[in-house]
Amino acid sequence: MKIYNTLTKKKENFTPIEANKVKMYACGPTVYNYFHIGNARPFVFFDVVRNYLEYKGFEVTYVQNITDIDDKIINKAIEDNSTFKKIAKKYITAFEEDTQRLGIKKPDFQPKASEVIGEIIKLIKDLEDKGFAYQVDGDVYFSVESFKDYGKLSGKKIDDQKAGARVEANTNKKHPADFTLWKKAKPGEPVWGSPWGQGRPGWHSECVVLSQKYLECQSFDIHGGGVDLVFPHHENENAQAESLSHKPLANYWMHNGFINIEGEKMSKSLNNFFTARDILEEYDAEAIRFFFLSKHYRSPIDFNRDIMQESDTAVQNFYKAIKTINYLPQAGRQDYSCRFSSLKDVFFTAMDDDFNTAKALSVMFELAKIVKSNKEEESVRKEAADLLYELGSVLGFFQEIESKLSNDLGALSEKLLTILINIRDEAKANKNWVLSDKIRDSLLQEGIQLLDTKDGTKWEKK
RNA sequence: GGCGACAUCGCCAAGUGGUAAGGCAGAGGUCUGCAAAAUCUCCAUCCCCAGUUCGAAUCUGGGUGUCGCCUCCA
């Protein structure tokens, strides 16, 4: 299988450090607000990566951090007239609720920065002792000139940045690109004691500590996040880790593209921000998932209502297909016929090619078509349904299959519904279209769709 | 100014040298009191120019356009 590696800027064959095991780390949220639809993309995508690797038989350890120490949280606390801790706590809870609603499986470890302050201090001290970091008046900086490969991940050269000269001059730093490891305490901010006095860690160290700690190694397989994290965050993480271990923090660096809103970058000033929470009010979690997966993860993707509606239709189609044969599919079937094992291969080939989910989805459409087709044998349709369910599950779909397939309203409701249908049949027989349409429309408002078929009137929950 | 990505039907989107997947929307047929659903059929030569090649959406060069990063950011 191939993965595009930001570090080498090409697709590479994926070989984990330990055979059959994959250790992966993805940057999680900074808990100062509800996370938005753009944040949700990597959460969903790396969930799929993890699922797929497990499906392929790898034993996956997946770590995602929660940044609960940060300027943005401090600012939010001031803004809301609250405390730093309360803000973090509130949005951690919200994060957990929203990811669960999105159908994202919990990572194996989800540690917080605040849990490892001691280890972060140790890392910074180590960097200082070995000459990679220096202290100026209570602040500690990483010296980019001390790490000769600085810039290798993002493809940036230190001197170009100097020439750019957009960076605010900071007289304390030896080099403009040097980044903060430890910040001196300011009044009113949360602080921890350290060899450099009271202060708090910068953003770039926590991921180094948390990944190495929970993955139990200095260098692991996959590190992921949004493209904007490549520089400076991931570049800086790697600089710290590699300076000390002489190995890259991770072998494969994966970065997902951005989400635009109506063709424009999502930003607070444009007021085109959508939280995942808000979107979930309008659309099913799986429609959101489909929206993300319908395009390659590295491409930018435009978010708008039409596209969400389309995604919703697509997901409903998968469910509808299975509904037509009234059969609860089984995953993990071993004995697919030739026809279906080759379709399965198409799916695998697509996913093996740097997670080409858009192509993988086309296999699902093809299967759905077979499931629905009354030209196929029932056993063939069931087989197609099994595979559809199996592959869909890998991508995180069909989480609601039981409830979607069920038309169970409880015995009484069903009886009442039958009565209404009978009345409507009578009205229809009398060509009383006003009444029959009224019954149909009223039921539709309650989420019951009537379907007049050759074999009489049928109904289903919408 | 530096670095990088992308440009395929009305919309979304695969395709990385061998003659344009798939989805949505649309058109038409079947079915139908109407509607919905279902089902069948139809629907692109790939931003421009030049080059390489027997052959290019796919490679090279040059344009044009859109976007991202370089500052907190998924």
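Select Glu-18: its relative accessibility is 39%, so it counts as partly exposed (buried means under 20% relative accessible area, exposed over 50%, partly exposed in between, with a 1.4 Å probe and protein chains only). A salt bridge here is a side-chain nitrogen of Lys or Arg within 4 Å of a carboxyl oxygen of Asp or Glu. Lys-21 is partly exposed because its relative accessibility is 29%.

Before moving on, note that this is a predicted model: local features need pLDDT of at least 70, side-chain atom pairs count only at pLDDT 80 or more, and totals for chains, interfaces and linings use all residues. Residues are numbered from 1 along each chain as its sequence is written, chains are lettered from A and ligands numbered from 1 in the order in which they are written, and side-chain values use heavy atoms, with hydrogens and water left out.

**Stop two: a longer-range pair**

Next, pick Glu-54 and Lys-105, a salt bridge with its closest N and O atoms 3.0 Å apart. This pair links distant parts of the chain, 51 residues apart: Glu-54 is in helix α1 (residues 37–55), and Lys-105 is in the loop between α3 (84–101) and α4. Helices (H or I, at least four residues) and strands (E, at least two) are DSSP runs, numbered from the N terminus.

Then try Glu-96 and Lys-106, whose side chains meet in a salt bridge at 4.0 Å, N to O. Glu-96 sits in helix α3 and Lys-106 in the loop between α3 and α4. With a relative accessible area of 52%, Lys-106 is exposed. To see a network, select Arg-50, Glu-54, Lys-105 and Asp-108, which are joined by salt bridges that share partners. The structure holds 34 salt bridges in total.

**Stop three: helix α4**

Which residues of α4 are buried? Select Ile-117, Ile-120, Ile-121, Leu-123, Ile-124 and Leu-127. They lie on the same side of α4 because they cover an arc of only 160° around the axis, judged by the directions from the helix axis to the C-beta atoms. Look at the face turned away from that buried side for the exposed residues Lys-122 and Asp-129. Just after α4, click Gly-131, which takes a positive phi of about 85°.
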